[in-house]
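Hi everyone, thanks for coming. I'd like to walk you through one model today, so let me put it up on the screen.

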Amino acid sequence: MRWTDTHCHLNHPDLYAEWQAALFRAQQSGVRRLVVVGYDLGSSQRAVHLTEASDALYATVGIHPHDAAQCDNNALRQLRELAQRPRVVAIGEIGLDFYRDLSPRAAQYEAFHAQMRLAAELALPVVIHCRDAYDELLQVLAEYPAVRGVLHCFSGDAEQAQRGLELGYYLGIGGVVTFKSAEALRSIVRSVPRNRLLLETDAPYLAPHPYRGKRNEPAYLPLIAQQVATLWDISLDALSEQTERNAEALLFTPHETPEKIARP
Ligand SMILES: [Zn+2]
Ligand SMILES: [Zn+2]
């Protein structure tokens with residue numbers, strides 16, 4: 001069986017020192033491609049650096065809402081350069097986080113818009129992080145109709161999921177779907193269109209059951225896949241085929257050239 005972990009942080013201090021061992025364990029469990037997601041300038045640089053060390057690795061570059069204050073013109077210039085490296089597949093993770101509010105909301109909006117514009121210009125998809133701000137977030141996404149992406153670690157309600165899907169976004173589903181308390185998310189997953197779900201670990205965060213609370217790693221992706229296959233009532237083989245196709249469509253297929261993208 002083959003899998004893609006569409007969202008992990010081998011570039012995070014908790015995994016970076018032993019990324020080769022973590023990658024090896026992931027490959028042993030069938031995870032053949034890993035997207036290493038940036039969350040600030042340094043982690044974006046590390047993500048791109050990792051892609052030069054292994055053919056299994058792809059990168060995204062972006063500044064997380066927690067670090068929105070870092071997103072000045074100089075940072076944007078560096079992100080633009082990094083984003084054009086050959087194995088960079090998306091801009092992210094970017095978005096709004098009104099749960100932890102680690103950055104002032106005005107700064108979060110500014111960084112989010114600037115990076116959505118960058119994605120539109122470069123014709124790259126986006127990896128979206130959002131907590132307690134889905135209504136505000138969906139309004140911003142609607143302003144960039146040419147941009148597609150994934151609502152990573154989706155935690156909104158059914159109606160917000162529907163609106164995201166209508167805007168052309170995928171739902172990123174990770175370890176939370178295995179938690180006992182996640183019945184609402186499981187019911188969203190049951191009814192999501194089969195071609196709009198991506199599997200992710202978000203390692204080192206959010207380890208699936210029975211590792212909840214421990215350090216997560218990409219090797220646990222099949223535990224998440226098993227839960228989704230059960231919810232969809234299909235075999236793991238069929239799920240692998242479907243989710244590989246989905247990852248291919250959003251992240252690994254060349255996108256329209258920038259000239260064809262309508263500017264918002
Ligand atoms: Zn996130
Ligand atoms: Zn993440």
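M116 is found in helix α5; helices here are DSSP runs of H or I with at least four residues, strands are E runs of at least two, and both are numbered from the N terminus. Before I go on, this is a predicted model, where local features need pLDDT of at least 70 and side-chain atom pairs count only at pLDDT 80 or more, while totals for chains, interfaces and linings use all residues. Residues are numbered from 1 along each chain as its sequence is written, chains are lettered from A and ligands numbered from 1 in the order in which they are written, and side-chain values use heavy atoms, with hydrogens and water left out.

Back to M116. Is M116 buried or exposed? M116 is buried, with a relative accessible area of 0%; buried means under 20%, exposed over 50% and partly exposed in between, using a 1.4 Å probe and protein chains only. Setting aside neighbours within four places in sequence, M116 is in contact with I94, V126, I128, L141, Y144, V147 and Y169, contact being heavy atoms within 4.5 Å.

Let's turn to the metals. Which residues coordinate the zinc ion (ligand 1)? They are E93 (OE), H129 (ND1) and H152 (NE2), at 2.1 to 2.2 Å. Donors are N, O and S atoms within 2.8 Å of the metal (3.2 Å for Na, K and Ca), and water is not among the atoms, so sites may look incomplete. The sequence spacing of these donor residues is E-x35-H-x22-H. E93 sits in strand β4 (residues 88-97) and H152 in the loop between β6 (149-151) and α7 (158-166), so this pair links parts of the chain 59 residues apart. Both E93 and H152 are buried.

The zinc ion (ligand 2) has H7 (NE2), H9 (NE2), E93 (OE) and D202 (OD) as its donors, at 2.1 to 2.3 Å. You'll have spotted E93 again: E93 bridges the two zinc ions, ligand 2 and ligand 1, which lie 3.5 Å apart. H7 is in strand β1 (residues 3-8) and E93 in strand β4, so that pair ties together parts 86 residues apart in sequence. H7 has a relative accessible area of 1% and counts as buried, and E93 is buried at 3%.

What is the geometry of the site of the zinc ion (ligand 2)? The site is irregular, with angles of 87 to 179 degrees among its four donor atoms. For reference, four donors count as tetrahedral if all angles lie between 85 and 135 degrees; four count as square planar and six as octahedral if opposite donors are over 155 degrees apart and all others between 65 and 115; anything else is irregular.

D202 is in the loop between β8 and α9, and has a positive phi of about 60 degrees although it is not a glycine. At 7% relative accessibility, D202 is buried.

P204 and P210 both lie in the loop between β8 and α9. K214 is in this loop as well, and counts as exposed at 54% relative accessibility. K214 touches P204 and A207, not counting residues up to four places away in sequence.

Last stop, helix α8 (residues 183-191). Its buried residues include L185, R186, I188 and V189. Seen down the helix axis, the buried residues of α8 fall within an arc of 160 degrees, so they line one face; the arc is that of the directions from the axis to the C-beta atoms. On the other side of α8, A184 and S191 are exposed. The cover over the buried residues of α8 includes α7, β7 (170-173), β8 (197-199) and α9 (221-232).

That's my tour, and I'm happy to go back to any part of it.
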